[in-house]
Amino acid sequence: APRRKKIYEGKAKILYEGPEPGTLVQYFKDDATAFNAQKKATIEGKGVLNNRLSEFFMQGLTNIGVPNHFIRRLNMREQLIRQVEIVPLEVIVRNFAAGSIAKRLGLEEGTPLPRPIVEYSYKNDELGDPLVPEEYIIAFGWANQQDLDDIVSLALRVNDFLSGVFFGVGIKLIDFKIEIGRVWDGDFMRLIVADEISPDSCRLWDVKTGQKLDKDVFRRDLGSLTDAYTEVARRLGLMPEN
Ligand code: C5P
């Protein structure tokens with residue numbers, strides 16, 4: 001019998017009821033999916049690496065005052081988080097062209113963008129997370145203008161923090177995705193960073209060689225995903241042998 005109630009199961013993570021009201025346990029699976037789950041695999045050890053890496057980034061954000069859902073890591077695959085109401089958007093920040101923007105605009109991957117670009121996809125698996133303008137977001141009530149201002153501000157603070165941390169270990173942050181959650185203190189609603197920050201949701205290139213150290217290794221069959229994520233963790237000083 002399961003020792004606790006499953007609240008939600010996604011492609012790479014499971015959420016369980018937490019020990020106290022307003023908390024959840026986030027479990028990191030070894031499963032990897034790409035192209036809206038058309039490509040699937042189990043990658044030994046990915047969950048352990050992403051649990052540790054997401055802990056590291058969320059704690060770093062807490063240290064610089066960026067509110068997020070992380071409370072504490074519980075074990076190799078699980079972390080305690082604040083329960084939030086997820087805003088149904090994938091918030092993407094791009095520093096260099098790659099992936100869908102490179103394709104859409106005919107840009108060579110790696111082209112520097114004139115400034116960080118924030119864009120939104122509507123979280124909907126059946127539709128394949130379509131890109132949506134602010135106009136849609138506000139019209140359909142997924143967020144209001146104030147929320148969007150706060151979301152852009154959070155996204156850019158996360159970008160500054162992550163870009164600096166990665167650059168310090170010889171990695172270029174090409175782009176990343178975050179999710180945002182709503183929490184209430186009485187009547188007062190706040191937006192915080194939720195979900196995960198890991199090489200599953202970033203593009204990370206070695207500064208010198210351009211080697212990819214992110215989920216594109218899996219998407220494009222470029223080698224061992226575990227080796228790539230282990231290298232990221234090693235550079236950040238998160239591997240036991242360091
Ligand atoms: O595919 P695209 O270029 O739009 O992805 C931009 C960034 O957002 C990449 O770092 C990718 O890993 C991330 N992403 C994600 N989850 C999605 C879509 C994109 O983490 N469903």
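Biologist: How are H1 and H4 oriented to each other?

Modeller: Axes are lines fitted to C-alpha atoms, for helices over the stretch in contact, and angles run from 0 to 180 degrees between N-to-C directions. Angles under 35 degrees count as roughly parallel, over 145 as roughly antiparallel, 65 to 115 as roughly perpendicular and the rest as oblique. H1 and helix H4 (residues 145–167) pack at about 120 degrees with axes 11 Å apart, and H1 and H4 are therefore oblique to each other. Helices here are DSSP runs (H or I, at least four residues; strands are E, at least two), numbered from the N terminus. This is a predicted model, in which local features need pLDDT of at least 70, side-chain atom pairs count only at pLDDT 80 or more, and totals for chains, interfaces and linings use all residues. Residues are numbered from 1 along each chain as its sequence is written.

Biologist: Which residues of H1 and H4 make the contact?

Modeller: Two residues are in contact if their C-beta atoms, placed from the backbone, lie within 7 Å. Phe57, Gly60 and Leu61 of H1 meet Val158, Phe161, Leu162 and Val165 of H4. By class, this contact of H1 with H4 has six nonpolar, one polar and no charged residues. Ala, Val, Leu, Ile, Met, Phe, Trp, Tyr, Cys and Pro count as nonpolar, Asp, Glu, Lys and Arg as charged, and the others, Gly among them, as polar.

Biologist: At what angle do the axes of H1 and H6 cross?

Modeller: The axes of helix H1 (residues 46–63) and helix H6 (residues 225–235) cross at roughly 25 degrees and come within 10 Å. H1 and H6 are therefore roughly parallel to each other. On the H1 side, Lys46, Leu49, Arg52 and Leu53 take part, and they meet Leu225, Thr226, Tyr229, Thr230, Val232 and Ala233 in H6. This contact of H1 with H6 comprises six nonpolar, two polar and two charged residues.

Biologist: Which residues come nearest to the ligand?

Modeller: A residue is near a molecule if its C-beta atom, placed from the backbone, lies within 6 Å of it. Of the 14 residues around the ligand, Gly99, Ser100, Lys177, Ser201 and Arg203 come nearest. The shell around the ligand divides into five nonpolar, three polar and six charged residues.
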